[in-house]
Amino acid sequence: MKIIKRSGMEVEFDRTKISEAVSRANLSVVEGERLSQAQIEEISKNVEIICAGMNRALNVEEIQDLV
């Protein structure tokens, strides 16, 4: 499955990039309201499933909206 980067280049979907981005954002949240690592992985997995079901390359902004 491919995604379209902001530069317009198509690259392979990489679920770890979503997990890393959510983890970084999670650090800016008050500690008592942070997601667990399991929740972050679940979000990443669900985004991957949705993207695969679209049967087309999504751009980065569309993926951000899904997250």
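Student: Okay, is Arg56 buried, partly exposed or exposed?
Tutor: Arg56 counts as partly exposed because its relative accessibility is 42%. Buried means under 20% relative accessible area, exposed means over 50%, and partly exposed is in between (1.4 Å probe, protein chains only).

Student: And what does Arg56 form a salt bridge with?
Tutor: With Glu62, where the closest N and O atoms are 2.8 Å apart. A salt bridge here is a side-chain nitrogen of Lys or Arg within 4 Å of a carboxyl oxygen of Asp or Glu. Glu62 is partly exposed too, at 25% relative accessibility.

Student: Before we go on, what kind of model is this?
Tutor: It's a predicted model, where local features need pLDDT of at least 70 and side-chain atom pairs count only at pLDDT 80 or more, while totals for chains, interfaces and linings use all residues. Residues are numbered from 1 along each chain as its sequence is written, and side-chain values use heavy atoms, with hydrogens and water left out.

Student: Good. How many salt bridges are there in the whole structure?
Tutor: A search finds 5. One of them joins the side chains of Arg15 and Glu48, at 3.0 Å from N to O. That pair links distant parts of the chain, with Arg15 in helix H1 and Glu48 in helix H2 (residues 37–54), 33 residues apart. Arg15 is partly exposed at 31%, and so is Glu48 at 25%.

Student: What about Lys45, which residue does it pair with?
Tutor: Lys45 forms a salt bridge with Glu42, the closest N and O atoms being 3.7 Å apart. Those two are separated by about one helical turn, because they are 3 residues apart in helix H2.

Student: Zooming out, how many helices and strands does the protein have?
Tutor: It has 3 helices and 3 strands, and from the N terminus the order is β-β-α-α-β-α. Helices (H or I, at least four residues) and strands (E, at least two) are DSSP runs, numbered from the N terminus. The C-alpha atoms fill a box of roughly 40 × 25 × 15 Å along the principal axes.

Student: How much of the protein is buried?
Tutor: Buried residues make up 19% of the 67 residues. Phe13, in the loop between S2 and H1, counts as buried because its relative accessibility is 13%. The C-alpha atoms of Phe13 and Ile3 are 5.7 Å apart, though the two residues are 10 apart along the chain.

Student: New topic: which residues lie nearest the centre of the largest pocket?
Tutor: Ile3, Lys17, Ile18, Val60 and Ile63, out of 15 lining residues. Strand S2 (10–12), helix H1 (15–26) and H3 each give two or more residues to the lining. H1 gives the largest share, 4 residues.

Student: And how is a pocket defined?
Tutor: On a 1 Å grid over the protein atoms alone, where a 1.4 Å probe fits at the points of a set, a pocket is an open set with protein on both sides within 12 Å along at least five of seven lines, and lining residues have an atom within 4 Å of a point; a cavity is a set from which the probe cannot get out.

Student: Last one: where is Leu66?
Tutor: Leu66 is in helix H3 (residues 60–66). With a relative accessible area of 34%, Leu66 is partly exposed.
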